[in-house]
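Me: Hi! Could you walk me through a few residues in this protein?

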Amino acid sequence: LKIPTVVMGYVIISAGTTVPDCLSSIIVSRAGQGNMAVCNAIGSNIFNIFIGLGLPWFLYTLAYSKPYKSVALEGLQVLISI
């Protein structure tokens with residue numbers, strides 16, 4: 001398949017962090033606590049996004065003293081309204 005080892009590593013790591021959350025959500029939902037299962041899924045995804053994306057960008061900025069520029073985001077304007 002010629003998949004780069006870095007990509008395969010990311011897939012294995014993401015599965016390793018997602019499967020336990022999924023199993024715990026299944027267990028608590030079968031115990032009748034559906035709200036807890038939903039909160040677990042949402043909280044897990046928020047944590048993964050903030051730590052999985054934010055921490056590496058923060059460390060890059062600290063190490064190189066310049067903002068990270070992604071080719072994938074070049075020309076893309078993102079508007080976040082709160």
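Predicted model: local features only at pLDDT ≥ 70, side-chain atom pairs only at ≥ 80, totals over all residues.

Me: How many disulfides does the structure hold?
Reply: Happy to start there. A disulfide needs a pair of cysteine sulfur atoms within 2.5 Å. By that cut-off, the number of disulfides in this model is 0.

Me: Is Cys 39 buried or exposed?
Reply: A residue counts as exposed when its relative accessible area is over 50%. Cys 39 has a relative accessible area of 56%, so Cys 39 is exposed.

Me: And which class does Cys 22 fall into by relative accessibility?
Reply: The class between the cut-offs of 20% and 50% is the one to check here. Cys 22 has a relative accessibility of 43%, so the class for Cys 22 is partly exposed.

Me: Where is Ser 25, and is Ser 25 buried or exposed?
Reply: Ser 25 belongs to helix H1, which covers residues 5-30. Buried means under 20% relative accessible area. With 12% relative accessibility, Ser 25 is therefore buried.

Me: Which backbone oxygen does the side chain of Ser 25 reach?
Reply: Leaving out residues up to four places away in sequence, Ser 25 touches Ala 37, Asn 40 and Ala 41. The side chain of Ser 25 comes to 3.4 Å from a backbone oxygen, that of Ala 37.

Me: What separates the C-alpha atoms of Gly 52 and Ser 14?
Reply: Gly 52 sits in helix H2, residues 34-64, and is partly exposed at 45% relative accessibility. Gly 52 and Ser 14 are 38 residues apart along the chain. Their C-alpha atoms are separated by 9.8 Å.

How values were computed: Residues numbered from 1 in each chain as written. Heavy atoms only, no water. Buried < 20%, exposed > 50% of the residue type's maximum accessible area, 1.4 Å probe, protein only. Helix = DSSP H or I, 4+ residues; strand = E, 2+ residues; numbered from the N terminus. Polar contact = N/O pair within 3.5 Å; in protein donor to acceptor, adjacent residues only side chain to side chain. Contact = heavy atoms within 4.5 Å.
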